[in-house]
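Please find below my note on the model you sent. It is arranged as numbered points, each on one site or one group of residues.

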Amino acid sequence: MKNYKCRVCNIEIKELMSFGKMPIANAFVKNKNDDQYLFNLKIGFCEKCFTFQVLEIPEAKKMFNNNYAYLASTSQVMKNHWKELGDKLIREKKLEKSSFVVEVGSNDGIFLENISKKEIPHLGVDASKNVCDIAEKKGVKTLNGFFGISIADEIVSKHGKADIILSTNTMHHIEDINNVAEGMSKLIKDDGIIVTEDPSLVEMIKKNSYDQIYAEHMYIWSLASMNSLFNKFNLEVFDIENNNFHGGCSRYFIGKKNKRKISQNVIAHEKLETKIGINKISTYRKFIENVELSKKKLNQLINKIKNEGKKIVGYGAPAKSTTVLNYCGLNYEAIDVIYDNSATKINKYTPGKSLIKINNSSDFEKELSEYCVLFAWNHKDEILNKEKQYSKKGGKWIIPVDGIEII
Ligand code: TYD
Ligand code: ZN
């Protein structure tokens, strides 16, 4: 097996597992026989800086292009979630017309929209042009580019330093992560706060949610690894909050070292990580065993249902479904169609060999299948509530990861 370099601290790390050939998770295809870019999805863990990472990364341009399919504003629950964070920051940091808020990976403006409505100076940075255009239409000032030291310097010279830098569900997207953390350290005011939020490694291990791993999620962060990264640039995590969004995320509050008291939440989370063994390679070996078992269980269930001659459809075509479908070898023969509400995905096919047609979720009410795989399991409450009629008709939901729950 080949050895790789840790992208945070540059030491050699070993491959832990390969998921086999994978497409880019968000590269939904227009026509079934379109050419697709495939790469080997392999994972590794660095025992020095504790960063869990994907080892071979496709070129950034292949993932974050002018046709980026992921639109943050497809979920009302997520919209409320980011509005609450905006309100909290405005209150606690007393943000006003002389403040400056920067968001790295601002997508369709889901967070900055509320900052913009309050007339607080702001700037979003995003690598995908199509989402920048959507944000601009909402009145969110946006710069199209890859954030790093040079964009940080450019922003400082044009607008000054930032009171808040927000980066949600983006820190796991960036190959040259040292460049981004250093850029943030140059852009943030001495008393400013960097807020990052990403799927949590603790939650991934606890829930066995291996579908968090794909090309665009090239790291699954923990408190330990976040601190290893930011400590290099004289920054530290001083507070942490955990939530259930995106299958379980941690929100890190990061500031200049030794400026603030480290919160009780941080101390408690450190203890939890130690208990779970987040810094031990043996934890990941066990995780891999659980992943393989989960694949086996899902295949057994799907084969059983198909052998009974029953129909299976899917709900939600998140990036996560690309990992599940391709790793478990499921395609349009197993799952007839997937329903989703993203305009960027409807009428396309799921990537890789799976090639399952994506229909508008507004048509789901007519669906008469016996089973529906809830690929967007992280939105379970919102979706099951919206689609109550499916269960009433006798339809059953399947959660495709971990123990493969049937609801
Ligand atoms: P999400 O879990 O947000 O993202 P990721 O791609 O990072 O794994 O994706 C959820 C998908 O589910 C997205 O394609 C939109 C879709 N969806 C619906 O179709 N209907 C809904 O009510 C919700 C909440 C999501
Ligand atoms: Zn490392």
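The points below take the two ligand sites in turn and then some individual residues of this predicted model.

1. Surroundings of ligand 1. The shell around ligand 1 is made up of 21 residues. Ala-319, Lys-320, Asp-340, Lys-345 and Lys-386 are the closest of them. By residue class, the shell divides into eight nonpolar, eight polar and five charged residues.

2. Polar contacts of ligand 1. Lys-386 has a side-chain N or O atom 2.4 Å from an oxygen atom of ligand 1. For Lys-320, the distance from a side-chain N or O atom to an oxygen atom of the ligand is 2.7 Å. His-379 places a polar side-chain atom 3.1 Å from an oxygen atom of ligand 1.

3. Cover over ligand 1. On its own, ligand 1 has 570 Å² of accessible area, and the protein covers 97% of that area. Which elements give two or more residues to the shell? They are helix H11, residues 319-328, and helix H12, residues 380-386. H12 supplies the largest share, three residues.

4. The zinc site. Ligand 2 is a zinc ion, and its protein donors are the SG atoms of Cys-6, Cys-9, Cys-46 and Cys-49. The donors lie 2.2 to 2.3 Å from the ion. Along the chain they follow the spacing C-x2-C-x36-C-x2-C. What is the arrangement of the four donor atoms around the zinc ion? It is tetrahedral, because the angles they subtend run from 102 to 118 degrees, and the criterion asks for all angles to lie between 85 and 135 degrees.

5. Are Cys-9 and Cys-46 buried or exposed? Both are buried.

6. Ser-18 and Ile-346. Ser-18 is found in strand S2. Its relative accessibility is 33%, so Ser-18 counts as partly exposed. Ser-18 and Ile-346 are 328 residues apart along the chain, and 30 Å separates their C-alpha atoms.

7. The loop between strand S14 (337-340) and strand S15 (357-360) holds Thr-350. With 1% relative accessibility, Thr-350 counts as buried, since the term applies under 20%.

8. Phe-245 sits in the loop between strand S11 (235-243) and strand S12 (249-256). Is Phe-245 buried or partly exposed? Phe-245 is partly exposed, because its relative accessible area is 23% and the limit for buried is under 20%. A C-alpha separation of 6.7 Å applies to Phe-245 and Asn-378, which are 133 residues apart along the chain.

9. Val-313 and Trp-397. Strand S13, residues 312-315, includes Val-313. A relative accessible area of 0% makes Val-313 a buried residue. Val-313 and Trp-397 have their C-alpha atoms 9.6 Å apart, and 84 residues separate them along the chain.

10. Backbone of Asn-107. A negative phi is what most residues other than glycine have. Asn-107 is not a glycine, yet its phi is positive, at about 45 degrees. This residue, Asn-107, belongs to the loop between strand S5 (101-104) and helix H3 (112-117). Its relative accessible area is 8%, so Asn-107 is buried.

11. Backbone of Asp-402. A positive phi is also found at Asp-402, near 60 degrees, and this residue is likewise other than glycine. Where does Asp-402 lie? It is in the segment after strand S17, which covers residues 396-398. At 34% relative accessibility, Asp-402 counts as partly exposed.

Methods: Residues are numbered from 1 along each chain as its sequence is written. Chains are lettered from A and ligands numbered from 1 in the order in which they are written. This is a predicted model: local features need pLDDT of at least 70, side-chain atom pairs count only at pLDDT 80 or more; totals for chains, interfaces and linings use all residues. Side-chain values use heavy atoms; hydrogens and water are left out. A residue is near a molecule or strand if one of its heavy atoms lies within 4 Å of it. A polar contact is a pair of N or O atoms within 3.5 Å; within protein, one must be able to donate a hydrogen and the other to accept it, and residues adjacent in sequence count only if both atoms are side-chain atoms. Accessible areas come from the Shrake-Rupley method with a 1.4 Å probe; for residues, only the protein chains shown count as cover. Helices (H or I, at least four residues) and strands (E, at least two) are DSSP runs, numbered from the N terminus. Ala, Val, Leu, Ile, Met, Phe, Trp, Tyr, Cys and Pro count as nonpolar, Asp, Glu, Lys and Arg as charged, and the others, Gly among them, as polar. Donors are N, O and S atoms within 2.8 Å of the metal (3.2 Å for Na, K and Ca); water is not among the atoms, so sites may look incomplete. Four donors count as tetrahedral if all angles lie between 85 and 135 degrees; four count as square planar and six as octahedral if opposite donors are over 155 degrees apart and all others between 65 and 115; anything else is irregular. Buried means under 20% relative accessible area, exposed over 50%, partly exposed in between (1.4 Å probe, protein chains only).
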